[in-house]
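Reader: Hi! Could you walk me through the ring contacts and a bit of the surface here?
Author: Happy to, let's take a look together.

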Amino acid sequence: MKPLRLNPRAKLFLILLCVLSAMFAPSLSFQFALGVLIGLLAALCGKWRYALRGMIVYALICLFTGWCMGAFTGTWRTMFVAFLGLVHKVYACGMLAGIVISTTRVGEFLSAMARLRIPKKLTIPLAGMLRYLPTIREDWRFIKDAMRLRDISPTLPGFLKAPAMTIDCIYVPLLTAASKAADELSIASVTRGIENPKPRTCLVNIQMCRTDWLTMALFAAFLAAENVWKAVGV
């Protein structure tokens, strides 16, 4: 099955709908349903492992939330519910943002934003972010592989075991690589004419198609169902 490719404009609209859905979710069931919906979208986009891992982690978070609500009372219950409530609001949006970043090419994004007549003062930083995060993730993987040869782990137990060594051998190289990647991406963007005032061209068709409208309609229907359920419940 061919992976689903959405228009960058549709992806931005989906993020907006996801933020509103997470904000107005009337119960934990709707929060979990939103996570499942985003997981299905990730699977359709060809991100099967990402979808499966994301839904399993979120299912564990939901189970832990239910356990905390029954196991604790008073101040502890209020503290855990407040913290986990914030996690539920952010998790779905972060999961969808990961899909958008991993499936959107910078050229397609810039062309789509040019169609919307978005100022370059906004599109250029967003385009840099789309290219910057995958680069940092790749550098982080290389640093971890190299440090495993020295029996140094970036996990919490590894940090507690040897905090100074972990900072010197993992986090300091990561910050150095991040700074270097930012400079290289800036130079590459200017070299490729990212500041060119003339209209951009793109070899990929970035027109809105039927799948884009159907996906946006599905997320909009989910948001409407949340509002209807909340109104009926009240």
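Author: Let's start with Phe32, which counts as partly exposed at 34% relative accessibility. Keep in mind that this is a predicted model.

Reader: Thanks! How many aromatic pairs does the structure hold?
Author: There are seven aromatic pairs. In one of them, Phe32 and Tyr58 are stacked, with 6.1 Å centre to centre and 10° between the planes. This pair links distant parts of the chain, as Phe32 belongs to helix H2 (residues 28–44) and Tyr58 to helix H3, 26 residues apart.

Reader: And is Tyr58 buried or exposed?
Author: Tyr58 counts as buried, because its relative accessibility is 2% and the cut-off for buried is under 20%.

Reader: Nice. What about Phe64 and Phe80, how are they arranged?
Author: Those two form an edge-to-face pair, 6.4 Å centre to centre with 80° between the planes. Here too, distant parts of the chain are linked: Phe64 lies in helix H3 and Phe80 in helix H4 (residues 74–103), 16 residues apart. Phe64 is partly exposed at 38% relative accessibility, and Phe80 is partly exposed at 23%.

Reader: Which residues do ring pairs link into a cluster?
Author: Phe64, Trp67, Trp76 and Phe80.

Reader: Switching topic: which residues form the nonpolar patch on the surface?
Author: That patch consists of Leu52, Ile56, Leu60 and Leu63, and together they have about 420 Å² of accessible area. Leu52 is in helix H3 (residues 48–71) and is exposed, with a relative accessible area of 52%.

Reader: Last one: where does the charged end of Arg141 sit?
Author: Over the ring of Phe142, 5.8 Å from the ring's centre.

Notes:
Residues numbered from 1 in each chain as written. Predicted model: local features only at pLDDT ≥ 70, side-chain atom pairs only at ≥ 80, totals over all residues. Heavy atoms only, no water. Patch = residues over 30% accessible without salt bridge, like charges linked within 9 Å, V, L, I, M, F, W, Y side chains within 5 Å. Areas by Shrake-Rupley, 256 points an atom, 1.4 Å probe, with all protein chains shown as cover. Salt bridge = Lys/Arg side-chain N within 4 Å of Asp/Glu carboxyl O. Helix = DSSP H or I, 4+ residues; strand = E, 2+ residues; numbered from the N terminus. Buried < 20%, exposed > 50% of the residue type's maximum accessible area, 1.4 Å probe, protein only. Phe/Tyr/Trp six-rings, centres within 6.5 Å; stacked < 30°, edge-to-face > 60°. Lys NZ or Arg CZ within 6 Å of the ring centre and 35° of its normal.
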